[in-house]
Amino acid sequence: MSLTKEDKLRMDVVDGAKAIFKKGLVEAGEGNVSVRNGKKEEFFITPSFNQYSTLTKDEIVHLNFDGTPLSAGKLPSTEAKMHIAIYKSRPKVQSVIHTHSTFASMFSTVRKSIPIIMEEMYIFLGGSIDVSEFGIAHTEEIGQTALNALKTKNAALLANHGVIVCGKSIDHAVKFAELVEKLAKIYWGALQIGEPKTFSNENLERFEKLYESLFANYPRSMRGKKG
Ligand SMILES: [Zn+2]
């Protein structure tokens, strides 16, 4: 039996959710994964109280950008409003992932940004990983605080909460969620043994060109407001 286009998107959410669960970036019942439904103002998101290990495509919730369910079944993730805020402001974003991965969450609690310490960090994520203002979970407000911290980039820390990433595909978003946690571990470890160094402007310009051509997904209107 061949899957419909919408079933394939539901499967993308399931596969992405299981990937971040297997990597230990979320525990059962926390975090969320979504994909946009093509050019429509709709998306598919993991359900509230998602158990990950037993997740099936029939549990994935189809919503429009008002938050109205377009399918019967489970309740959507309580962070759906944050995903909606990002899809509305960043039209090229096809997937959003939120995790509570441990090392990144540690930095979010002390509200310490992760500076540009690795080449891959700039190329995939667009620069430093900054911390948002504190926003109450499950509100539209946290969506706006996430966007303010993301600026033109693909990852940010949510103050005293966790991680938000966005990508041009589910594969990109999964990769970014993994990378944020890896970078947080590296930075944490580096701080124990010395002072991490950053790159020359010449190198940063080279990384930026790669970011712009491969992974950037912010609107043209934001050019010149780079963070
Ligand atoms: Zn959360």
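Colleague: How many bridges join S5 to strand S6, and which way do the two run?

Modeller: This is a predicted model, where local features need pLDDT of at least 70 and side-chain atom pairs count only at pLDDT 80 or more, while totals for chains, interfaces and linings use all residues. Residues are numbered from 1 along each chain as its sequence is written.

S5 is joined to strand S6 (residues 162–167) by 4 bridges, and the two run antiparallel. Helices (H or I, at least four residues) and strands (E, at least two) are DSSP runs, numbered from the N terminus; two strands pair if DSSP finds at least two bridges between them. Opposite Ala 155 stands Val 165 in S6.

Both strands belong to an open sheet of 6 strands with antiparallel pairing, in the order S3-S2-S1-S4-S6-S5. Strand S5 (155–158) and strand S3 (61–64) are at the edges with a single partner strand each, so one side of each has no neighbour in the sheet. From one strand to the next the twist averages 20°. Angles run from 0 to 180 degrees between N-to-C directions, with axes as lines fitted to C-alpha atoms, for helices over the stretch in contact.

Across S5 and S6 lies helix H5 (residues 140–150), which runs at about 130° to S5. Helix H6 (residues 170–193) also packs on the sheet, where it touches strand S1 (32–36), strand S4 (95–99), S5 and S6. The direction of H6 makes about 150° with that of S6. Contact here means that the C-beta atoms of two residues, placed from the backbone, lie within 7 Å.
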